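Good morning, and thank you for joining. I would like to take you through the charged contacts of one model and then its nonpolar core.

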Amino acid sequence: VSKWALHDQDMLPSWGAGRITLVGDAAHPMLPFGAQGANQAIEDAAVLAACLHRSAGGSVAQALKNYERLRIPRVAVVHKLSRANATNLHLDDDDGQVDTDPGNADLTGQKWLYGYDADVVAEQSYPGH
């Protein structure tokens, strides 16, 4: 009763075609060991909205390609982190667990994860807007 199945799946290599795209778990389901699943979906939505807004009058299909170009590299790193934490956060109680990553205690070392600003990322991808 106290156990549940967690199923892992690779990210999709492409999230859409033409004027259709995916966000969140539909594009990149991730294990819960980074507490980032919902956050990555929110980041997706923010970048997608910014890409569509900044391409106003332009091609929706091109805006969606830009969204993918901006999001896939970041989500791939977070996805990999969540997979690694499936092991790192469940080590046996022994000396190997004591100091697996000294940087984990200092959140400034994780600014890349927690300091991400989706609007700034989208803004920088559309010079002159």
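How many salt bridges does the count come to? A salt bridge here is a side-chain nitrogen of Lys or Arg within 4 Å of a carboxyl oxygen of Asp or Glu, and by this rule there are 6. Before the details, a note on the source: this is a predicted model, in which local features need pLDDT of at least 70, side-chain atom pairs count only at pLDDT 80 or more, and totals for chains, interfaces and linings use all residues. Residues are numbered from 1 along each chain as its sequence is written, and side-chain values use heavy atoms, with hydrogens and water left out.

Glu-43, Asp-44, Arg-71 and Arg-74 form a network of salt bridges. Within it, Arg-74 meets Glu-43 at 2.7 Å, N to O; Arg-74 lies in helix α2 and Glu-43 in helix α1, 31 residues apart. Helices are DSSP runs (H or I, at least four residues), numbered from the N terminus. Asp-44 forms a salt bridge with Arg-71, with the closest N and O atoms 2.7 Å apart. Asp-44 and Arg-71 are both buried, meaning under 20% relative accessible area, whereas exposed is over 50% and partly exposed lies in between (1.4 Å probe, protein chains only).

Let us turn to the core. The largest nonpolar core has 14 residues, and Trp-15, Val-47, Cys-51, Tyr-67 and Val-75 touch the most other members. Such a core is a set of buried Ala, Val, Leu, Ile, Met, Phe, Trp, Tyr and Cys residues joined through side-chain atoms within 4.5 Å. Its largest share, 5 residues, comes from α2.

Technical notes
Helices (H or I, at least four residues) and strands (E, at least two) are DSSP runs, numbered from the N terminus.
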